[in-house]
Amino acid sequence: MVIYGVSLLAFCMLFGVYVGDLLGELLGVQANVGGVGISMLLLIVLSNVSSKRFHLKPVSESGIQFWSALYIPIVVAMAAKQNVAAALSGGWMALTAGVAAVAVSFLLIPLLSRFGGSNAPLPETIEGSEP
Amino acid sequence: MDALSQLLVKNGIITGFVFVGVVMWFSYWLSDRITRGRIHGSAIAIGLGLVLAWVGGAVTGGNKGIADITVFSGVALLGGAMFRDFAIIATAYGANLDAIKKAGIAGALSVVIGVVLSFVVGAVTAVLFGYTDPVAISTIGAGAATYIVGPVTGTALGASSDLIALSVAAGLVKSVLVMVATPLVASSIGLNNPQSAMVYGGLMGTTSGVAGGLAATDARLVPYGAMTATFYTGVGCLLAPSVLFFAVKALVA
């Protein structure tokens with residue numbers, strides 16, 4: 001059933017965000033520490049478990065893949081609700097700080113990504129048309 | 001007309017689906033016809049979303065972009081943190097566990113380096129613009145990390161509200177710029193595999209910027225970048241008001 005996939009996804013999110021909140025509290029910061037990242041790891045681990053007792057049927061998988069495919073539209077909606085006007089009118093200092101932080105960080109990517117050895121190929125997306 | 005706008009507001013998230021669908025369709029059409037597929041439709045759609053957000057802010061003076069225009073208020077629901085996180089997590093389904101293990105250390109390292117680097121760049125900018133108070137310098141430096149780390153740090157250190165607003169603006173500039181610039185520089189910085197995407201997410205840290213930028217570059221990279229990026233704000237909130245603030249204080253005093 002489709003709901004099995006959606007429900008598993010939702011469970012992963014609640015679990016991860018809860019752990020993220022706990023981590024934040026433990027560390028004494030008023031923020032969620034990696035909640036979404038923990039949720040993703042949990043989902044990845046669960047989807048890589050190849051036991052017979054825990055195996056999603058294709059129909060159930062489609063409940064997760066639907067949300068995965070809605071990702072870009074949701075990002076578009078997210079972009080459309082950003083406070084772009086404030087970002088542009090925040091003054092030269094805010095602009096300089098933001099631009100400089102991005103530029104310097106970009107420069108470091110090629111250096112850091114050499115750390116872990118060879119690069120794995122990318123998996124296919126379900127929409128197929130992505131580059 | 002009034003009845004229609006009431007209907008659109010009442011069914012906000014449904015209106016959001018129609019709105020985003022139209023934006024996507026128009027963007028893919030533009031991508032096909034005008035750029036002959038050279039600029040990907042999703043990149044155009046995200047760019048168009050930002051332009052619409054600017055229009056919304058300019059017209060209403062609000063802070064939620066196009067969602068401040070009442071009939072489009074549902075866009076804020078659809079693009080809000082809850083659905084965004086839900087969809088981001090969904091993209092992880094079927095991701096390659098081995099690729100993550102391989103990039104693990106570089107990914108973790110990139111988060112810490114990313115936070116410190118952005119903070120230093122922001123702090124130096126603040127000093128160049130004439131700030132001498134360690135609280136002000138740290139707040140702006142934290143804002144250069146993300147627009148959440150900025151206010152959290154500012155509040156913790158007791159900074160004034162205009163400083164906090166500046167730190168939010170710096171973070172916003174970063175987030176928007178990452179969204180727009182990523183697809184343009186992707187090939188020259190080697191952003192085409194899970195490993196560099198994880199490092200990229202950790203270095204940039206702005207979840208919305210990373211997610212948007214990677215989606216516009218190659219949607220298959222999103223889960224890897226988003227995974228490390230989500231740790232960034234937490235690490236930033238941890239380091240900026242503590243270790244990094246003390247360092248600034250020691251340096252300027």
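Modeller: In chain B, helix 2 (residues 12–33) has the highest confidence, at a mean of 92, and helix 8 (residues 149–157) the lowest, at 81. Helices are DSSP runs of H or I of at least four residues, numbered from the N terminus, and the confidence is pLDDT, the predictor's own value for each residue, from 0 to 100. This is a predicted model, in which local features need pLDDT of at least 70, side-chain atom pairs count only at pLDDT 80 or more, and totals for chains, interfaces and linings use all residues. Residues are numbered from 1 along each chain as its sequence is written, with chains lettered from A and ligands numbered from 1 in the order in which they are written.

Colleague: What is the mean pLDDT of chain B?

Modeller: The mean is 84, and 95% of the residues of chain B reach 70 or more. For the model, ipTM is 0.80 and pTM is 0.72.

Colleague: Turning to chain A, how many helices and strands are there?

Modeller: Chain A has six helices and zero strands (a strand being a DSSP run of E of at least two residues).

Colleague: How many residues of chain A are in contact with chain B?

Modeller: In chain A, 73 residues are in contact with 103 residues of chain B, contact meaning C-beta atoms, placed from the backbone, within 7 Å. Helix 6 of chain A supplies the largest share of that side of chain A, 18 residues.

Colleague: Which classes of residue does that side have?

Modeller: The side of chain A that touches chain B has 48 nonpolar, 23 polar and two charged residues. Nonpolar covers Ala, Val, Leu, Ile, Met, Phe, Trp, Tyr, Cys and Pro, charged covers Asp, Glu, Lys and Arg, and the others, Gly among them, are polar.

Conventions:
Two residues are in contact if their C-beta atoms, placed from the backbone, lie within 7 Å.
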